[in-house]
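Me: Please take a close look at a single part of this chain for me. Start with the overall picture, then move to the part itself.

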Amino acid sequence: QVQLVESGGGLVQPGGSLRLSCAASGSIFSIDHMGWYRQPPGKQRELVATITSSGRTNYADSVKDRFTISRDNAKNTVALQMNSLKPEDTAVYYCNAEVRRSRFHTYMDYWGQGTQVTVSS
């Protein structure tokens with residue numbers, strides 16, 4: 001199986017910064033997209049940012065000037081640097097990876113457990 005382990009969540013004041021990290025491990029042949037999604041209280045999960053294996057990025061409009069996604073293909077990790085945080089950024093943040101476990105498998109989505117980010121004064 002594949003495991004995604006997240007770290008870096010916590011409580012910050014408005015205007016502060018956090019860096020989320022996610023490491024994929026287990027049976028991994030290759031990884032296509034990696035990304036971050038979030039689920040605010042009472043709302044459905046939404047895309048935050050994604051990044052391809054070649055480094056092409058995509059951001060939600062609400063975060064594109066404040067957040068930066070990056071990855072290290074050699075380490076199978078993805079990070080999300082979050083700056084100028086706002087209360088509306090409060091959510092559970094989930095790491096996502098599109099993983100091919102072997103040459104005999106197709107790509108499948110895997111998800112981390114989620115990490116809480118709370119922005120409050």
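Predicted model: local features only at pLDDT ≥ 70, side-chain atom pairs only at ≥ 80, totals over all residues.

Reply: Along the sequence, the pattern runs β-β-β-β-β-β-β-β-β-β-β. The radius of gyration is 14 Å, close to the 14 Å from the globule rule for 121 residues, so the chain is as compact as a globular protein of that length. The count is 11 strands and zero helices. Along the principal axes, the C-alpha atoms fill a box of roughly 50 × 25 × 20 Å.

Next, contacts and surface. Of the contacts with a separation of 6 or more, 56% join residues 24 or more positions apart. Buried residues are 38% of the 121. Charged side chains number 13 positive and 10 negative. The centres of these two sets are 5 Å apart.

Thr115 sits in strand E11, which covers residues 115-119. Is Thr115 buried or exposed? Its relative accessible area is 13%; buried means under 20%, so Thr115 is buried.

What does Thr115 touch, leaving aside residues up to four places away in sequence? The list includes Glu6, Gly9 and Leu20. Ala91, Val92 and Tyr93 are also on it.

Conventions:
Residues numbered from 1 in each chain as written. Heavy atoms only, no water. Helix = DSSP H or I, 4+ residues; strand = E, 2+ residues; numbered from the N terminus. Rg over C-alpha atoms; globule rule 2.2 N^0.38 Å. Buried < 20%, exposed > 50% of the residue type's maximum accessible area, 1.4 Å probe, protein only. Contact = heavy atoms within 4.5 Å. Lys, Arg positive; Asp, Glu negative; His and termini not counted. Charge placed at Lys NZ, Arg CZ, Asp CG, Glu CD.
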